[in-house]
Amino acid sequence: MKKHYKSEETHADAVAKTLGHRKPTRVEGQLNSLFRLLKLPYIFVGNGKLMIGRYCPDFKREGFSLLIELHGHGDRPAKSRSEKIKRTKRARRRKEFILSKGYMTLDIDSDELNELDILAKRLIEFDKKFTILKYKDKSNADPSKKKVKV
């Protein structure tokens, strides 16, 4: 049975409390090690340290509104076409909501950890692109207006 909350904040508090003792999974740990190797200052926030509405991202860059979402670890494959469509819609709503709050997100599939050199390039490009934008644009314009392909 679904539990209904009076507001987004009470739901976010409940989720953060549940995730409070969560440690990174093996795949998240591998990505975290890659961040350290590349000297990228991303921190694990998948334990409820950062809640954006009702959503809890996996990693956040210190000092910037950059997030990295790791997909495919712990996810069961969709059993039916309708379940796959439902998951796709949910992922789209999540991404749009996070973007509306001023965060830029890089989605990474867990299979990409098998190709570390390609993944490292993607991470560095994403990081440089948006950290440079912040310094170039002192007016702090809405990041959702900027179309950037990563």
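**Exercise 1. Identify the residues with the most contacts inside the largest nonpolar core.**

Solution. A nonpolar core is a set of buried Ala, Val, Leu, Ile, Met, Phe, Trp, Tyr and Cys residues joined through side-chain atoms within 4.5 Å; buried means under 20% relative accessible area with a 1.4 Å probe, protein chains only. The model is predicted, so local features need pLDDT of at least 70 and side-chain atom pairs pLDDT 80 or more, while totals for chains, interfaces and linings use all residues. Residues are numbered from 1 along each chain as its sequence is written, and side-chain values use heavy atoms, without hydrogens and water.

Step 1. The largest core has 20 residues, and the most contacts inside it belong to Leu 31, Phe 35, Tyr 42, Ile 68, Ile 108, Leu 123 and Phe 126.

Step 2. At least two core residues come from each of α2, β1, β3, β4 and α4 (116–136); helices (H or I, at least four residues) and strands (E, at least two) are DSSP runs, numbered from the N terminus.

Step 3. A second, separate core of 7 residues includes Val 45 and Ile 98.

**Exercise 2. Determine the strand order of the open sheet.**

Solution. Step 1. Two strands pair if DSSP finds at least two bridges between them. The 4 strands follow the order β1-β2-β3-β4, with mixed pairing.

Step 2. Pairing on one side only marks β1 (42–44) and β4 (104–109) as edge strands.

Step 3. Strand β3 (residues 66–71) runs parallel to β4, joined by 6 bridges. In this pair, His 71 stands opposite Asp 109.

Technical notes:
Buried < 20%, exposed > 50% of the residue type's maximum accessible area, 1.4 Å probe, protein only.
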